[in-house]
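Me: I am new to this structure. Can we go through what its labels rest on?

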Amino acid sequence: MELKKLDYKLTVCKVADVSDIDMSAGFYFIGKTDEEFSLVCRTEDVPDNTIERDDGWRGFYICGVLDFSLIGILSKLSGILAEHKIGIFAVSTYNTDYILVKEENFERALELLASEEYEIIG
């Protein structure tokens, strides 16, 4: 399975409203519940009026389109990282899963996954 590195730093934050988000930005992920609007975006694209933010994330994603019938892909990846005390922040899209780790763990996470026969590209 191929994992593609994202070449930019990411921030996980909370915003008051989606109108605060630059929808023309190259990468963002929005989550909305009855309690909050969460945003994952490039660090340089964090809105000025962010309520809370956590900088210093890096990410990668599983290449290709994952069929909904596939089971345990994210679980296996997160399990490998958890065994080595690397926490994750995961977001899923219709096509695939993105895994974020803190910047200080990024290279080690990729090395661990490569040792488990995942191909790291990009």
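Me: Which residues is Leu 81 in contact with, leaving aside its neighbours within four places in sequence?
Reply: This is a predicted model. In it, Leu 81 is in contact with Phe 60, Ile 86, Ile 88, Ile 99, Val 101, Ala 109 and Leu 113. Contact here means heavy atoms within 4.5 Å.

Me: What makes up the largest nonpolar core?
Reply: It has 16 residues. Leu 81 is among those with the most contacts inside it, as are Phe 60 and Leu 113. β5, α1 (73-83), β7 and α2 (106-115) each supply at least two residues. α2 gives the most, with five. A second, separate core has ten residues, including Tyr 8 and Tyr 98.

Me: Why is Tyr 98 called buried?
Reply: Its relative accessibility is 16%. Buried means under 20%, so Tyr 98 counts as buried.

Me: Why does Tyr 61 count as partly exposed?
Reply: Tyr 61 has 22% relative accessibility.

Me: Why is the aromatic pair of Tyr 61 and Tyr 98 called tilted?
Reply: The centres are 5.1 Å apart, and pairing needs them within 6.5 Å. The planes are at 35°. Under 30 degrees would be stacked and over 60 edge-to-face, so this pair is tilted. Tyr 61 lies in strand β5 and Tyr 98 in strand β7, so the pair ties together parts 37 residues apart in sequence.

Me: How do you know where the charged end of Arg 42 sits?
Reply: It sits over the ring of Tyr 8, 3.9 Å from the centre. The distance limit is 6 Å. Tyr 8 also forms one aromatic cluster with Phe 27, Tyr 61 and Tyr 98.

Notes. Residues are numbered from 1 along each chain as its sequence is written. This is a predicted model: local features need pLDDT of at least 70, side-chain atom pairs count only at pLDDT 80 or more; totals for chains, interfaces and linings use all residues. Side-chain values use heavy atoms; hydrogens and water are left out. Rings of Phe, Tyr and Trp (its six-membered ring) pair if their centres lie within 6.5 Å; planes under 30 degrees apart count as stacked, over 60 as edge-to-face and the rest as tilted. Helices (H or I, at least four residues) and strands (E, at least two) are DSSP runs, numbered from the N terminus. Buried means under 20% relative accessible area, exposed over 50%, partly exposed in between (1.4 Å probe, protein chains only). A charge sits over a ring if NZ of Lys or CZ of Arg is within 6 Å of the ring centre and within 35 degrees of the ring normal. A nonpolar core is a set of buried Ala, Val, Leu, Ile, Met, Phe, Trp, Tyr and Cys residues joined through side-chain atoms within 4.5 Å.
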